[in-house]
Amino acid sequence: MNNNKWIDISQPLTNSIAHWPEDTPFTNQLTYSKEQTGSVNIGQMTTSLHIGTHVDAPYHFDNKGKKIIDMDVNYYIGRAKVIDVSDVDVIDGRVLEDFSLDGVERLLLKTSLKSRPELFPEKITKLEPEIVPILVEKGVKLLGVNMPSVDPIDSKDLLCHHALHQHGIYILENLVLDDVPEGDYNLIALPLAIAEGDGSPVRAVIQPTD
Ligand SMILES: Nc1ccccc1C(=O)C[C@H](N)C(=O)O
Ligand SMILES: [Zn+2]
Ligand SMILES: [Zn+2]
């Protein structure tokens, strides 16, 4: 570790944060005020587990898949590389050729989507499932994106989710990378220990390494 400061790359969970169409919105409110309890304010929240910056458990798209509590926390902590792919609408094997990804364990893709946490995007950059075997070959074990999904918004077959899962690559979505330059970082993006969770919001932070 060095003296570089950690940077928050998470969407703030406000009552106006966007949620997946038809899914449960996020709300946080005070249930009991300090005046009522005589000692403390106590909040409550309701939310989809796929809110803001979050990780997917395989159970999200595979009935037999692991739930959040069974995910290996080591995947969510460690060296990560941010690459800028904001100049393309489709990320295929060709696009990845321009970057040196040897030995990259966690890859964070900075696509052209600007972070607007209160707006659910209509269209996002397409990831081609063909990139998954390339990531596997490089040694990637976590893929992070600054979009709500690693598949097209209207996708039902979720080809990238399934391909990543088949190869044991963990998924991190809705990162805020607008002000993050390409480069090498340490990453911490831990899910809550939600026993039966199919996903979990995370507080994602990175620290430049040099
Ligand atoms: N919450 C949803 C509601 C309806 C349909 C999809 C979703 C998703 O969460 C899919 C997305 N690929 C995700 O993993 O976050
Ligand atoms: Zn999700
Ligand atoms: Zn997902």
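**A chat about ligand 1 and its surroundings**

Student: What surrounds ligand 1?
Tutor: This is a predicted model. In it, ligand 1 is surrounded by Trp 20, Glu 22, Asp 23, Ser 48, His 50, Asp 56, His 60, Pro 148, Ser 149, Asp 151 and Glu 173.

Student: How many of the shell residues are nonpolar, polar and charged?
Tutor: The shell around ligand 1 has 5 charged, 4 polar and 2 nonpolar residues.

Student: Where does Trp 20 lie?
Tutor: Trp 20 is in the loop between strand S1 (7–8) and strand S2 (27–32). UniProt lists Trp 20 for "binding site", in an unreviewed entry.

Student: Why does Trp 20 count as partly exposed?
Tutor: Because Trp 20 has 14 C-beta neighbours inside 10 Å. A buried residue needs 20 or more, and an exposed one has 12 or fewer.

Student: Which other residues does UniProt place under "binding site"?
Tutor: The unreviewed entry places that feature at Asp 56, His 161 and Glu 173. They are spread over 118 residues of sequence, yet they cluster in space, with a largest C-alpha distance of 11.3 Å.

Student: Is Asp 56 buried or exposed?
Tutor: Asp 56 is buried, because 27 other C-beta atoms lie within 10 Å. Asp 56 sits in strand S4 and touches His 161 and Glu 173, among others.

Student: And His 161, where is that found?
Tutor: His 161 is in helix H4. With 21 C-beta neighbours inside 10 Å, His 161 counts as buried.

Student: New topic. Which residues have the most contacts inside the largest nonpolar core?
Tutor: Leu 143, Leu 164 and Leu 172, in a core of 39 residues. Elements that each supply at least two residues of this core include helix H4 (159–166) and strand S10 (170–173).

How values were computed: Residues numbered from 1 in each chain as written. Chains lettered and ligands numbered in written order. Predicted model: local features only at pLDDT ≥ 70, side-chain atom pairs only at ≥ 80, totals over all residues. Near = placed C-beta within 6 Å. Nonpolar A, V, L, I, M, F, W, Y, C, P; charged D, E, K, R; others polar. Core = buried A, V, L, I, M, F, W, Y, C linked by C-beta atoms within 7 Å. Helix = DSSP H or I, 4+ residues; strand = E, 2+ residues; numbered from the N terminus. UniProt positions renumbered as here; feature names shortened; annotations may be inferred. Contact = placed C-beta atoms within 7 Å. Lists of a residue's contacts leave out its neighbours within four places in sequence.
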